[in-house]
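Please look through the model below before reading on. The text that follows goes from pairs of side chains to the chain as a whole, and then to its strands and helices.

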Amino acid sequence: MSDDLLDRARAWMAEDPDPVTRAELGELVDRGDADALRELADRFRGPLVFGTAGLRGRLGAGPNRMNRVVVIRAAAGLAAYLLDGGAAPGSPIVIGYDARHNSAVFAHDTAEVMAGAGLRPLLLPRALPTPVLAYAIRDLDCVAGVMVTASHNPPQDNGYKVYLGDGTQIVPPADEGIAERIAAVGPLVAVSRTAVGDEVVLGEQVVDRYLDALASVVPAGSTDLRIVYTPMHGVGGAVMEAAFTRAGFRDVTVVPQQAEPDADFPTVAFPNPEEPGAMDLALSLARERDADVVIANDPDADRCAVGVPVVSTGSTGLEDAVTGAGWRMLRGDEVGALLGEWLLRTGRTGTYATSIVSSSLLLTQAAAYGQEAVETLTGFKWIGRLPGLAFGYEEALGYCVDPDHVADKDGVSAALAVCAMAAAARAEGRTLLDELDDIALRYGLYATDQLSVRVTDLSEISAAMDRLRSTPAIRLGGRAVESIEDLAAGTAGLPPTDGLRYRLAGHGRVVVRPSGTEPKLKCYLEVVVPIGAGGDVEAARAAATEELAALKADVAAAAGIEL
């Protein structure tokens, strides 16, 4: 077995165009000890699976890593899929990339493969946010788009996201069709590649048109708002600052330690605003600046996180020993409810959509305004393609507030919309927390939480799912389990996906699923506490906090997870 493994490694090295990964693999082959063989076995245990999220994985040599060989094969498979599907020779395909390690290299490799296949590659002018790529596909009438990014994954990762000509991410059966053609790619030397130069690089005009399109997001009104912003070492900084300026928001302070793109993300353990500690620098600066709101993008700026000051601290505040004032990050479901109510109140008509793991509050809000409401599977690959979409969001900080221009989550336009709401509230002597209280009084308190467990061995996730399926829960968090839906069988017209949904007495809900992009098991919890006119919102929140804690403990026990 070790001889076969070493032979496969040598064969890979023979066609790898990257001297860095060739040397990396050569060092393991030369060592040939037990540790080296274990590492080689992991790198060659199978190819990265091309799915609805495209490709995503650790950088390094071998088929189970992100590298130039894997990317060239993926590009060749995608080109074959497009041409087999009727794309005419010379059809344009736009390619974007973030500032991660090798992103620009992978983008240029993709351009060369597309040119070699007879398509016309168009490279975005520099490392830019993913929503700019999604916008450019329709703006330039392209047959497809590729974004080289791993979004908010750790620095050692990279990825390859594919969009089709309607500007939406791929879904089945497109992913399967592309995967089949990738598998059919022969030796790398047989992949036709045409060298490309500056002639395929787009000008800044495409970015200007994207920024012009954002004008529809911010209505005329107050822009008196003190903002602290962080791009979290990603590519959102320059575009977001230009967007703030165009919208009239002048008092914006950028977190200096995180202002410039840095593929190593040196100030955070994980470059994800949801991770513990990731927002510490921004919140500290917000306290210094006495800011009204904190805005954060993830590294490819397709997500938006929002922090707000709180008057009293406690379980939701960050204590400040000097002023006694605190800050807290709003949950994605809270921002989704705020944006949904704002758009509904201002007359935005159409379909309001959210994912099955997000709060069900948006469905209630849309119904109250007589608008259609839809639940989809997780991911904007499902939300973005809904006909007549007015607004869509998912709890993982993804919001689509401008579907006419970007049929995907967009952290730039979402940030502008949140700031427009906050400025309007401030002009009336109110805050976003006041707006959330009003929503709770009108619809009841919909409270959500998440139990997210990162694993080193993916078998731990499958074992937890098997445990939940084999021993159905009867009660969770003190509420009776009224029904259990195995999402793998498909439910309510949704395509099959690995997951379980528990419906609890009193409109409670739990969804458990493996993450599609990270080695995590995720459990999404929701309870609804009625309030009524003139009720006590804070008392309802306290009750919901207790219920969610009990629910989290019971779900963890049922799944065999140690808290």
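Arg469 and Asp498 form a salt bridge, with their closest N and O atoms 2.9 Å apart; the term stands for a side-chain nitrogen of Lys or Arg within 4 Å of a carboxyl oxygen of Asp or Glu. The two residues come from distant parts of the chain, 29 residues apart: Arg469 sits in helix α16 (residues 459–470), and Asp498 in the loop between β17 (479–486) and β18 (500–504). Helices (H or I, at least four residues) and strands (E, at least two) are DSSP runs, numbered from the N terminus. Arg469 is partly exposed, because its relative accessible area is 29%. Asp498, at 38% relative accessibility, is also classed as partly exposed. Here buried means under 20% relative accessible area, exposed means over 50%, and partly exposed is in between (1.4 Å probe, protein chains only).

This is a predicted model, in which local features need pLDDT of at least 70 and side-chain atom pairs count only at pLDDT 80 or more, while totals for chains, interfaces and linings use all residues. Residues are numbered from 1 along each chain as its sequence is written, and side-chain values use heavy atoms, with hydrogens and water left out.

Side chains of opposite charge can pair when their charged atoms come close. The structure holds 45 salt bridges. One of them joins Glu204 to Arg126, at 2.9 Å from N to O. This pair also links distant parts of the chain: Glu204 is in the loop between α7 (174–183) and α8 (205–213), and Arg126, 78 residues away, is in the loop between β3 and α6 (130–139). Glu204 is partly exposed at 35% relative accessibility, and Arg126 is partly exposed at 29%.

Arg426 and Asp292 make another salt bridge, with 3.2 Å between the closest N and O atoms. Arg426 belongs to helix α14 (residues 411–427) and Asp292 to the loop between α10 (280–289) and β8 (293–297), so the pair ties together parts that are 134 residues apart in sequence. Arg426 has 37% relative accessibility and counts as partly exposed; Asp292, at 24%, is partly exposed as well.

Helix α14 also contains Ala425. How accessible is Ala425, buried or exposed? Ala425 counts as buried because its relative accessibility is 1%. Leaving aside residues up to four places away in sequence, Ala425 touches Arg430, Thr431 and Glu435, where contact means heavy atoms within 4.5 Å. Glu180 is 245 residues from Ala425 along the chain, and 52 Å separates their C-alpha atoms.

Now to the chain as a whole. The protein chain has 17 helices and 20 strands. Its radius of gyration is 24 Å, close to the 24 Å that the globule rule gives for 563 residues, so the chain is as compact as a globular protein of that length. The radius is taken over C-alpha atoms, and the rule is 2.2 Å times the number of residues to the power 0.38. Along its principal axes, the C-alpha trace spans about 70 × 55 × 50 Å. Of the 563 residues, 56% count as buried. Among contacts between residues at least 6 apart in sequence, 68% join residues at least 24 apart.

One part of the fold is an open sheet of 5 strands in the order β1-β5-β4-β2-β3, with mixed pairing; two strands pair if DSSP finds at least two bridges between them. At the edges are β1 (55–58) and β3 (120–123), each of which pairs on one side only. Strand β4 (residues 144–148) runs antiparallel to β5 (residues 157–164), and 5 bridges join them. Ala144 has Leu164 in β5 as its bridge partner. Helix α5 (residues 103–116) lies across β2 (92–97), β3, β4 and β5, and runs at about 170° to β2. Such angles run from 0 to 180 degrees between N-to-C directions, with axes as lines fitted to C-alpha atoms, for helices over the stretch in contact.

Elsewhere, strand β6 (residues 227–230) is covered on both faces: Ile227 and Tyr229 on one side, and Val228 and Thr230 on the other, are all buried. Strand β6 runs parallel to β7 (residues 252–254), and 3 bridges join the two. Among the residues of β7, Val252 is the bridge partner of Ile227.
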